Every structure is written in structure tokens, then in C-alpha cells.
There are 2 protein chains.
Amino acid sequence: MTNINQYLKKIGLEGKKASRLMAKASTQQKNDALTHLIQLLNTKAKTILKANEKDIQVAKKNKLDRASIDRLIISTKTIDSMIKGIQGIVDLKDPIGEIMHLNTRPSGIQVGQMRVALGVIGMIYESRPNVTIDAASLSIKSGNAIILRGGSEAIHSNIALSNIIHEALKKAGLSVQAVQVIDSTDRSIVEAMIKLDNYIDVIIPRGGKSLTKMISDEATVPVIKHLDGNCHVFVDKNADLDKALKIIENSKTQRLGTCNTTESLLISKDIARDFLPKIVKMLHQHKVEVRGCKETLKLVRGIKAASEDDFYTEYLDAIISCKIIDDVDDAINHINQYSSHHTDAIVTENYGHAMRFLKEVDSSSVMVNASTRFADGFEYGLGAEIGISTNKLHARGPVGLEGLTSLKYIVLGNGHIRK
Amino acid sequence: MTNINQYLKKIGLEGKKASRLMAKASTQQKNDALTHLIQLLNTKAKTILKANEKDIQVAKKNKLDRASIDRLIISTKTIDSMIKGIQGIVDLKDPIGEIMHLNTRPSGIQVGQMRVALGVIGMIYESRPNVTIDAASLSIKSGNAIILRGGSEAIHSNIALSNIIHEALKKAGLSVQAVQVIDSTDRSIVEAMIKLDNYIDVIIPRGGKSLTKMISDEATVPVIKHLDGNCHVFVDKNADLDKALKIIENSKTQRLGTCNTTESLLISKDIARDFLPKIVKMLHQHKVEVRGCKETLKLVRGIKAASEDDFYTEYLDAIISCKIIDDVDDAINHINQYSSHHTDAIVTENYGHAMRFLKEVDSSSVMVNASTRFADGFEYGLGAEIGISTNKLHARGPVGLEGLTSLKYIVLGNGHIRK
């Protein structure tokens, strides 16, 4: 542990130093680094695919499950999408240095806020090596330094990617320590990293719920995270039922395993008798199992009963819970109680109900007449996302460049003193 | 401890319930409550002064130090300034419900952010009973519920104040649980309160460094805080020395014990020979002891040598450290190393130096040609402040109404599904 602490302290110190340099790097330099990175991903694709092949072989030998191996694979298509992602970040305006709300106070001083980099970001993630590129690119553009701790199963891929990131940084005249990849697979590194308050400004975990929960429970560094996405669609009595059916279908079945997939359905009692059978039929066509409340079971046959636990569950699978609801109040209360505060949607044509739902549902994304699948940095126009946050402090919802920055107050005087 | 946990859980649950009601309270209701509170402070002034008298008597009996007793005293003047503070908060626009950045995405959905209340605030503070009124008023206006844990020495005053706050809330038709004052003086309550993640969204400590440090080390609830204010004034070689002298005088001597008081002076070597003696003379006239670096000692006689520790120290007293500095780079590096990242100022007429200082000094308030004493919610136009934060995440600098709110994403569709 002493060795690990020394190792991490060195990395932390280098990160801190690099963060000071990144904070004052020009937009040109940061974009240059990203453009070089695009070129290197093209010219060195073979080296990356070869390193990735090693990880795949080890994973197969270790009998990793199919889904995890799928997430691990880098193909030429993956590289193309990495490149597209980086180009998107190049195209975004530089958030750093923006001055806002500058106004003159009665004392004569001018007060405003300046957007600045956070400092050092610690990223802890599993499997997908593309996160290495996404996170590094966002960190570079936002003027931060980043310490990346990927999963041991992706170690060869991550080292190959970090080599070309370093080459790109060097070519742009930036410190290579702005992106550090931890090349040790020692598990206790994570435990030590999340307590590195003096060197790391924020920890962003991306991975399974148990990893995220451990990090969020144990960390002394602030954590930007979401634990799970128990997302809801509520169909109000005033809903356009055609829209509702399409939104439910898209929210639940477009992708089963994403955090913005709908896991629970709330249907107003006034429309349930006619509408519920249609929903269930559609879901069954998609091979989605429906688990219903007592009222649901009365209205549609052949449905499993939902337990209390079901309504708290993020299935990430072809299962959905369903509850018949009295009215919009009942729906808001149910969601504020059972939701993981990630993303919740109402389908309604009633203005008042829509407004109340928007105001009173306490989730990071609240939607009217749209699929919960839209909760995503790209769909929201953030250019990219480093994660999705259900925190209420700092970044909430999809976290893009702005979420990796802070605001400091600036005061401009001309010899002003306080009276 | 079980009893305390049960007691706090009950308070937490009531707070959470009240926070849902406060989140949807109208601006009118919130302002009504504050206006009733002003009236009650007028009509029930006697009751408050009487309760305060009890605290003073106990404090004197317990031989509390003079400064602490001073902070404890409520006079008719204190009540007037409470009333002025509340009126200021009534006059502020309601931050809740503001929708910003609403724009239409290529998919057709509209995405924006809505400002919402944080939920439940936990405030832990010492001595000054006026914090009870300030914090409760800010919390009411920002649509939050608050749990107040004041010092045991102010318990009678705080209970008297909480009684009229409850009366004001009731008169406005709001839940009295929106402001709960913990009436037990058991010390272990603080330790339990800062771990109440399920019920409290943020902890704000106001008090001595040791209390704040304990809370920030032990809390699992996020904490908005600053530990100390080791503020700097750097006099650049291009400074207007008349302005510099006045700014140093005001920054150090206007109030000795506040967190935005300057504790360390950096003087450019190019102007030190002539200018430093004038500064020292002025500071000595104010009976401020100067502790200098080696170079300082060479230039002015009769000064104590500063230790390495001195440059890290917030004196809160008639002492200031002084260091001769090579140039603006040296000053920025020194400040980023030794400052507590609260408030730091440069005095210069050089545009480039001013801009570099603003951009590169990593503090919550960075100033040009102005006294560090301006770092204050009222001076910045926030209307009031519940504290000053040196956090980089969420609120940074003086924390007013906005610091007590969060942004959630809202998505408006018309049956939109993700392609």
C-alpha cells in the first residue's frame, strides 16, 4: 500500500503540475492536440487493433462473458467513431475564459464570473477502451489534466491509446502529463485514488452499479456519478395515445441495456382499460416481460405480479414494471419515491399537467412527450458526454465540457476600497 | 446514539416532505412568509431579547471569552439589521423555475435547463444567532427546507427565533417543517447529521476552522464550505503605488477577523526598495506586525522573520506576512501554492499582467486593483450570503440564492422518439 500511495502521489503531483499548464493552454494548442490525435488514430490504427487483440485473447482465456468481450472490442468502426467524437469536440467552442454576468456594483467595482478548468479529473471505468479517448479529449478541450484508470481487461488497448494521446499532446507543445493512464492493474489503486483529495478535484466513475456505489461511499474526493437509471414513462389521461405507444416502445425497446431506458410504466386509471392491452401487446411483440400492480393484473391477463422491489429496479433487460395511477399528483409522488432521479417522462396534451410534472419531478432530466432515450450528451447538444450525473450539486444530467469546468468570481477595480 | 439517529431521521423525513412543498410554493407565498417574519421581529422583539439575555447569562457564568459573547448578543440594532437583510431577500427575484438555454435540437426535441431548489439544507453554525434568520430566509426564498443546528450557547435565542419563523411560515400557508431548529445541544448530533445522505442534500458549516474541517472530513453529505481565508495582495512593478497603499490598508486593517482580510503581501522586487518602507510605516501605524522574508528584512529594519508556516497562515489578527517577489509569474506560483484559494488581488496598471493574474490564479475570487474585503455576497450583489465557498464544484465564492439551487434538464417533445 505504501508503494501504491507513493506511485499515486507522484501521478497526482504530475497531474496537478500539468493542470496548471493546461489551464492556460490556448484554444489553438488544445485543438491541435486533438487534431493530431485524429491523425494518429488513422495512421496507427494497426498498432491499436493489435494491442486490443491481446486484451481479447486474455479475456477469452479468462472466460469473460460475451457482453463484456463485446464492450472490449476495438474495430475499425470503433476507431472511426472515436475520430468522429474527437472532431465533434474540436468543433465545440472553448469554454475556458468566458466571462459572464459582469456588472458594476454601487461601490464602483465590476463583478463577474469567469469559467475556468476544474484542475485534475480522476476517471475510473470498466471495459470500453473508447472511454479512454472520449474522456481524454474532453479533458484536453476543457483545459484539465486527467488520470485514467481503466479496467485491467483493457490494459493493452488503453496503453496503446495513451501512447498516441501522449504523442498528440507533445506535437501540440502540451504536457504529456495532461493525460496519465495508470498502467498498473492493482485493484487497491482505485481505493487509494478516490482519497487523493490534495491532487484530484473530482472523480468520475463509469461502470457497474457496485463499482460506482463503492466509489461514491468511500471517496473523499467529490464524485460526479449516477448509480442507476430507473426511468419512468407516465401516460396521463389526457395523452395522445398514438404518441404514448410510440414513446413507450422507443423508451423501452430501442436499447435494453442503457441507463436512459425506461424501466417502469405508469398509466392513468382513466385510460388504462382500453390502452393497457395495446401497450402490453406491443411490449410482448418485443419480447418484453411486463410485471404489473394489482390493478394491471385485473386489466390484462397473463402478466406476472410486480413486487414492491420491482418498482425500484433498473432491469437493464427485457422486463418492465407497470402501475395504474390515479392522477398526475399520484404519478409525481410515485416517481419522486421510486425513481433513481435519472430521467422521467410524462405523455400528455394537458398544459397544466405538463408544467406540474416538469416543475415537481425531482430528476436530472424531466421530459414531456419525448422518449427517455433522449437523455444523452449528444442528443442534448453538449457535443459529447463524460458521464451522466444524478447529483444535485454541480453538474446534473449529461455532463459535457461545461461540467468539467468551474466558475470563479472576478472583481475589477481601479483602486477601490471597501467603505 | 440510537435515540439521536431516530430523532434525526424524523427531522430528516419531515424536512424532505417539507422540501417537496417548498419546491412548488409560489413566489407570493415565500415573500409573504418573509414579510410576516419582518413584522414578527418587530412585534416580538422583547421576547427575543429576553431569550437572548438567558444565553448571555449562561455564557457569562460559563466564562465564555469576550469575543464569543459579543457574537452572541442580540441588540435592537441586530434585529434591525436582520430585518434589513430579510427585506433584501424579499426584493430579490425568485430564482426557482427559470428556464434557460432552451433550444431545438436536430431531432426536433427542445432541450433546456430549469432552476430548481436543492431540497434539504443542513446548516451547522456557532454563536451568532443572526445566522438563524439569514439562513432561514435564504432557504425559504430559494424554495428549500432547512435544518438548523446552532451552537449550544445560543440555544434560547435560536428557539425564540425559530418560534417566530414558524409563525411566519404558518401565516403564509407554508409548512412549518420548512425550517427546523434542532433544540438539543447534544454534540453527537452534528456527527450524525453530516451522514444523513438520504435526507439532507447539502451541509453548510459556518464557524471555526476546526469545526469546518471535522465536518468536511467526516461528512458523507456534500459540504459547501471554506476552511480559511489566507488572502493575498500582490503589488506588481507596474502598480499605481497610491492605489496600492490604500488597497493594502483597506484589505488588512478595515476588519482584522474576517475571512476576506488580507494575510499576506507580495511586493515586486523592482519597486520594493522605495515602496516597502511606506507600506510598513502605514501598517505599523495601524499596529499591524509585519513578518517578512529574507529580502524584506534587508529592506526594512525591525521586522520579524517570517517562517515557511507564516506564508500558509490565516492570522485573523494584527499580523501580516510579506514576501519580495520576482515578477507576475512568481506571484501567481506563490499564490497558487500558499493561498487558501479564497480571495487574491493584484495591484497593477499593466493589462497583460492583470489578465494573466485573473486567468491563472486558482482562487474563488480574483481581483484587480480592489480590496480583498469586497469578497462578500452583499458587495457582489447576491443580496445576501449563506457562506463563502472555496469548493470548485457547485457554488464557488460567496453563496447566495443561486448557490442554494440546482439545474435540471427539461426536454419538450411532441411525440418524439430517438432514431
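**Figure 1. How H5(A) sits against H6(A) in this predicted model.** Here A:Met82, A:Ile86, A:Ile89 and A:Val90 of H5(A) meet A:Asn130, A:Ile133, A:Asp134, A:Ser137, A:Leu138 and A:Lys141 of H6(A), where contact means heavy atoms within 4.5 Å. Sorted by class, that's six nonpolar, two polar and two charged residues (Ala, Val, Leu, Ile, Met, Phe, Trp, Tyr, Cys and Pro count as nonpolar, Asp, Glu, Lys and Arg as charged, and the others, Gly among them, as polar). Helix H5 covers residues 76-91 of chain A, and its axis runs 10 Å from that of H6(A) at an angle of about 10°. The two are therefore roughly parallel (under 35 degrees; over 145 is roughly antiparallel, 65 to 115 roughly perpendicular and the rest oblique). Axes are lines fitted to C-alpha atoms, for helices over the stretch in contact, with angles from 0 to 180 degrees between N-to-C directions. Helices (H or I, at least four residues) and strands (E, at least two) are DSSP runs, numbered from the N terminus.

**Figure 2. H6(A) again, now with H2(A).** Helix H2 (residues 27-43 of chain A) and helix H6 (residues 130-141) pack at about 155°, axes 9 Å apart, so the pair is roughly antiparallel. On the H2(A) side, the contact uses A:Lys30, A:Asn31, A:Ala33, A:Leu34, A:Leu37 and A:Leu41; H6(A) brings A:Ile133, A:Ser137, A:Ile140 and A:Lys141. The class count is six nonpolar, two polar and two charged.

**Figure 3. Over in chain B, H2(B) meets H7(B).** Helix H2 (residues 27-43) and helix H7 (residues 155-171) of chain B pack at about 135° with 8 Å between their axes, which makes H2(B) oblique to H7(B). The crossing is right-handed. B:Ala33, B:His36, B:Leu37, B:Leu40 and B:Leu41 of H2(B) touch B:Leu161, B:Ile164, B:Ile165, B:Glu167, B:Ala168, B:Leu169 and B:Lys171 of H7(B). This contact has nine nonpolar, one polar and two charged residues.

**Figure 4. Chain A laid on chain B.** A turn of 180° and a shift of 0.0 Å along the axis does it, with an RMSD of 0.0 Å (least squares on C-alpha atoms of residues with pLDDT of at least 70 in both copies). The copies are thus related as by a two-fold rotation axis. A:His394 has the chain A C-alpha nearest that axis, at 1.9 Å. Both copies use the same surface: 100% of the contact residues of chain A recur in chain B.

**Notes.** Residues are numbered from 1 along each chain as its sequence is written, and chains are lettered from A and ligands numbered from 1 in the order in which they are written. Local features need pLDDT of at least 70, side-chain atom pairs count only at pLDDT 80 or more, totals for chains, interfaces and linings use all residues, and side-chain values use heavy atoms, leaving out hydrogens and water.

Technical notes:
Left-handed = near helix turned anticlockwise from the far one by under 90°.
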